[in-house]
Amino acid sequence: MPKNNFIVKTVFLAFFFSAFISTSFSQSPEDIYNQYKKEFPDKMGVLLEKNDEITIDFEGDTVSILHTEYEDLLFLTDRATGLASQKAYESYFSKIENIDAVTLVPNGKRYKKMKVEYFKKEKESSSGIFYDDLESTNFIMPNVSPQARTQVSITQNIKDPRFLSSFYLDSYVPIKSAKLTLKVNKNIEINYKLFNTEDIKLDFNKTEKGNYVIYEWTAKNLKDFKAEDNAPRRNYFSPHIVYYVTQINYPNRTQKIAKSVADLYDWYSNLSCKVNLEDDAELFKTVTELTKGVTEEQEKVKNIFYWVQDNIKYIAFEDGMQGFIPSEASFVYAKRYGDCKGMSSIIHKMLNMAGIENTYLTWIGSRSLPYKYSEIPTPIVDNHMIVTYQPTEGEFIFLDATDSYSPFGFPSSMIQGKEALLGMGREKHKVALVPIIDKEKNYSKESVSLSISDKNLVGKGQYSAEGYPKGYMTHYIDGLSKENEKIYMNRYFTKGNNKFFVDDYKINNLNEKDEALKIEYDFRIEDYAKFVGDEIYINMNMEKAFSNDEIEKDRKSPIENDYLFKANNDIFLQIPEGYEIEYLPENSDFNNDLFGYNIEYKKEGNKIKFTHNYYKNYLLLNNESFEDWNKMIKEVNKAYREVIILKKK
């Protein structure tokens, strides 16, 4: 990679990198390999060193930030060779200045250094993002095999002090030594916050040297993390350090960067205050049509919100500073698409056109970010924009049209429980908490009538759903062909065994946002009833919720849930003529604040009523609840094995 004119500052970093290479020759490659293979027999590799060095200084009348990441990886198995292909990322806010990459190939009692010479730069396309300014430099480490080591040093120029990185104290392999060093000019103030470091020994040292304050964190013998199903983002549980610039003291002025939330809001409002200063005649005409004859303010808000949901297509953009500036409402209206900021811009403008001023552009982080504005007032906290409507003092309704299926009054599920930064004026803001929607508002109900025909079960089902369960199901159904819709119905309502067939169905209120989704369906389950002599055996547990959800004993990360919900299910089995009940299983239940179920059997006239209700009352299930969860799974699986017995009279 070519170097630019940051020669003075990269001399130290190059020396820093070379020092690590020189230590490679104090032991033979075989001795090093045997030492760590014995210590980590089941791991594919080990990071001998993971070090970040950040220099925050002045260059003329601007702030210069150089960030060098260094890793020394020892390969322990053939599985690790997949790590030979590497990428270094850059965007509008951070540019790669230099990459040094070598493989240390065993050569007797020493290593032979093989330097990477070929680098290929290409555009990246993140999942779900229509346009992304992210670029990667791709390179392949040569001659990678067990006993080999790769040493990679990447230096980046961070263009804006608001966009510093985080330092993680774990990785995909164990780490023998980790070190973060911040070398900061005395006239630049910083702050930092530790996350999830309670269980590691992290040493900290702060010193002054010349015109710099040096912050240094070191840790040894760090465990690797395991990617686990249904886990939240790594930042929820991995130990890491977030560091950020709070204030820059220039010779003749002071610039606040992140002293408080007010500083972050001031920056955001400067970016958005020049948008939507002019009206658009066509957009105003649409607003007039949507609010004509409507007297209640909240109904006007709902009509406008639903129009944007239905008519503006959400397309994600990541384009440098433009990723922080909302598009003009007129542009979004004309193109009929926009990112979250564009959709918020048009909602806000349309509401203002309707004479509704108590609405605010709002910055917010999705649940993929565990941070709070009160903890870290920087852009690391948020990645999303919505609009907040305030019908009365202290009451907030959060409008996120990127979710086309959320009903009015429901925030999108991905922002539940998050802090929202409301822009209430040029110099006025408020941080409000988005509610977590109660499970009583997120429910599904199903009532099924069954009768026995030979060895088959024939039934009719009535299903209804509201809240997020309705939205998620509508998302899947909407736009399907009739053929694929039928396939979906069979899959969603499947019961009993793999010989379940939906013969007919009817969907109601699919696109009626304020009404419950209702589906009526006729079905059959072949070869389900078991006839033995003069007895019939039927397992009424046809949908075994949670049955395969036992949590592994060694699981480390929490378990994420999209939303709180409850499900109520009733099955009515017609007792065949000439038969009576020989055996009904005992009822079963398990209930606590976070999860639970109940199963109940009851005779009602000439029918058996089977009730199965269950719920999840959490967004994040932490480790301390795993034991109770597995206790519930053990009990419900025992209940699922029970059958009713009908006997000829």
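## Strands and the model

Strands here are DSSP runs of E with at least two residues, numbered from the N terminus. With that in hand, welcome to a predicted model, in which His67 is found in strand S2, residues 62-75.

## The chain as a whole

Let's begin with the overall picture. The chain has 649 residues, of which 52% count as buried, and its secondary structure comes to 10 helices and 38 strands. Along the principal axes, the C-alpha atoms fill a box of roughly 95 × 70 × 40 Å.

Contacts between residues 24 or more positions apart make up 73% of those in the chain with a separation of 6 or more. The accessible surface comes to about 31,600 Å², and carbon and sulfur atoms account for 46% of that surface.

Is His67 buried or exposed? Its relative accessibility is 4%, and the cut-off for buried is under 20%, so His67 counts as buried.

The side chain of His67 is joined to that of Asp52 by a polar contact of 2.9 Å. Asp52 is also one of the residues in contact with His67 once neighbours within four places in sequence are left aside; the others are Glu53, Ile54, Ile154, Thr155, Gln156, Ile158, Ser165 and Tyr243.

Now for the surface. Tyr192, Leu194 and Phe204 make a nonpolar surface patch of about 240 Å². Tyr192 has its place in strand S12, which covers residues 188-195. Its relative accessible area is 30%, so Tyr192 is classed as partly exposed.

Why is helix H8 described as largely enclosed by the rest of the structure? Helix H8 spans residues 468-477, and it is largely enclosed because seven of its 10 residues are buried. These buried residues are Tyr468, Pro469, Lys470, Gly471, Met473, Thr474 and Ile477.

Which elements do the buried residues of H8 pack against? Four are strands: S25 (443-453), S26 (456-465), S27 (500-508) and S28 (517-525). Helix H9 (482-493) is also among the packing partners. If you are following the backbone, look just after H8, where Gly479 takes a positive phi of about 90°.

Methods:
Residues are numbered from 1 along each chain as its sequence is written. This is a predicted model: local features need pLDDT of at least 70, side-chain atom pairs count only at pLDDT 80 or more; totals for chains, interfaces and linings use all residues. Side-chain values use heavy atoms; hydrogens and water are left out. Patches are made of residues with over 30% relative accessible area and no salt bridge: like charges are joined within 9 Å, nonpolar side chains (Val, Leu, Ile, Met, Phe, Trp, Tyr) within 5 Å. Accessible areas come from the Shrake-Rupley method with a 1.4 Å probe; for residues, only the protein chains shown count as cover. A salt bridge is a side-chain nitrogen of Lys or Arg within 4 Å of a carboxyl oxygen of Asp or Glu. Buried means under 20% relative accessible area, exposed over 50%, partly exposed in between (1.4 Å probe, protein chains only). A polar contact is a pair of N or O atoms within 3.5 Å; within protein, one must be able to donate a hydrogen and the other to accept it, and residues adjacent in sequence count only if both atoms are side-chain atoms. Contact means heavy atoms within 4.5 Å.
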